[in-house]
Amino acid sequence: MQTTTTEPTIAYETTTSTKTPKKLTLIPLIFLIYFEVAGGPYGEEPAVQAAGPFFALLGFLIFPFIWSIPEALITAELTTAIPGNGGFVLWADRAFGPFWGSLMGTWKFLSGVINIASFPVLCIQYLTKIFPIFDSGWPRYVALLGSSLALSFLNYTGLTIVGYAAVVLAFVSLMPFILMSLIAIPKIHPHRWVSLGQKGVKKDWNLFFNTLFWNLNFWDNVSTLAGEVDKPKKTFPLALLVAVIFTCVSYLIPLFAVTGSVSVDQSLWETGFHAQAAEIIAGKWLKIWIEIGAVLSAIGLFEAQMSSSAYQILGMAEIGMLPTVFGIRSKWFNTPWLGILVSMLIAIAVSYMNFTDIISSANFLYSLGMLLEFAAFLWLRWKSPTMKRPYQIPMKLPLLVIMCLVPSGFLVFIMVIATKTVFLVSGVMTVAGIACFFFIKLCKKKRWAKFYNSQPLNEEDESLTE
């Protein structure tokens, strides 16, 4: 009689350390996820500029259901089924093999470190409003370098420290928005919420959808830290659930408060307008607090993204996609110091460039990675239906296909409207990633470097037995 065994959770080999690391617990993980995705309402304002208050509010109400929640659900299922540093790289490797796992790593890593580069720039831009000396010249360059080094060192001191720092940063950066929303209540006129925008102002749907997309994205980035989380099979689903609710509420409450209480020219709704609105609603003191909060938010975003990128490199080393040297941890803090160093150096280099097209290219690469991630998720559901999944999305395969098709269609739309320059830069980065994969294969064959075992543990147990 033929029987089917339940497939075990896949555990990838991990590097050893002389120190027992402190694991991330629920609360720090929630706020790390929050900073991977949002970091506060900073940056949501262009949605109003692009389409008016009604569509902006509607977008932040609906878009989480068609994008954020599916991405978070997939992250919860695959992270608990395949817990290990590397996250989405492990998923693609498990589904389609090492080539696609490596390509996923290239796409996500490059998009991540280029995004990291934007956060020190944002910090300096806000500080310039208080200290104009940082506007240009050598003070600006020194400030960019100094902030990148200081923030990277904080990351080096340990993921637990970064996690609790994220809790403090979130509290301080969100407090002015809570106060602004409360003070605004008597000034709110609900009819302003249904305004379709000023007459004669053409709607910019490209800006509108891009604003929604990048304010509610990157839920899967935290998956690269799965090996550092205490009881990930229980902690991850709950942390993602709380983070989704917390993030959406943190966007919506200030947006309802400001659109309902402040009437200004629609063109003024640029990134950073919330600070101007705070001055109108409560005074200059609250404007300054929100500007300081923006700096703190950028710090949190930097730390969260740096952690994901560094532990992605560690995870890729642990499964043999990179040499073992990339899997070495600090003796003092047990952190992947080389992953942090590589991420920091690339981010510093990019931060000195005029990188509008490069950022767009990074977003394009991230979209490619998300399409591969959806494909890996569906393939694993079909190929390995009995794989142990501590958390499983309560849907059958046909419904899961529909759930993935909606955000996939949006990703394709974002990619189709990209410029020729973005296509070119993204193509060059992809070719470089493919070349890197074959060079690593050559290194293994010629034994030019040491590699960990690239096979998942217990792989032989996944077959059918008689």
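pLDDT is the predictor's confidence in each residue, from 0 to 100. This is a predicted model, so local features need pLDDT of at least 70, side-chain atom pairs count only at pLDDT 80 or more, and totals for chains, interfaces and linings use all residues. Residues are numbered from 1 along each chain as its sequence is written, and side-chain values use heavy atoms, with hydrogens and water left out. The chain has 15 helices and zero strands; these are DSSP runs numbered from the N terminus (helices H or I, at least four residues; strands E, at least two).

**Confidence**
- Mean pLDDT for the chain is 87, and 91% of residues reach 70 or more.
- Helix α4 (residues 88-96) has the highest confidence, at a mean of 96. Helix α8 (residues 205-215) has the lowest, at 84.
- Residues 1-18 stay under 50 in pLDDT, and the model has 55 contacts for them beyond four places in sequence. A contact means heavy atoms within 4.5 Å.
- Residues 455-466 also stay under 50, with 19 contacts beyond four places in sequence.

**Overall fold**
- Along the principal axes, the C-alpha atoms fill a box of roughly 70 × 55 × 45 Å.
- Buried residues make up 56% of the chain. Buried means under 20% relative accessible area, exposed over 50%, and partly exposed in between (1.4 Å probe, protein chains only).
- Among contacts with a separation of 6 or more, 84% join residues 24 or more positions apart.

**Second largest pocket**
- Its volume is about 380 Å³. A pocket is an open set of points on a 1 Å grid over the protein atoms alone, where a 1.4 Å probe fits, with protein on both sides within 12 Å along at least five of seven lines. Volume is the space filled by probe spheres set on the points, which are joined across faces, edges and corners.
- Lining residues have an atom within 4 Å of a point. Of the 18 here, T106, F109, M316, L322 and C436 are closest to the centre.
- Helix α15 gives the most to the lining, with six residues.
- The lining has 14 nonpolar, four polar and no charged residues. Nonpolar covers Ala, Val, Leu, Ile, Met, Phe, Trp, Tyr, Cys and Pro; charged covers Asp, Glu, Lys and Arg; the others, Gly among them, are polar.

**Two residues**
- S426 is in helix α15 and is buried, at 2% relative accessible area. S426 touches S361, F364 and L365, not counting residues up to four places away in sequence.
- K202 lies in the loop between α7 (159-184) and α8 and is exposed, at 76% relative accessibility.
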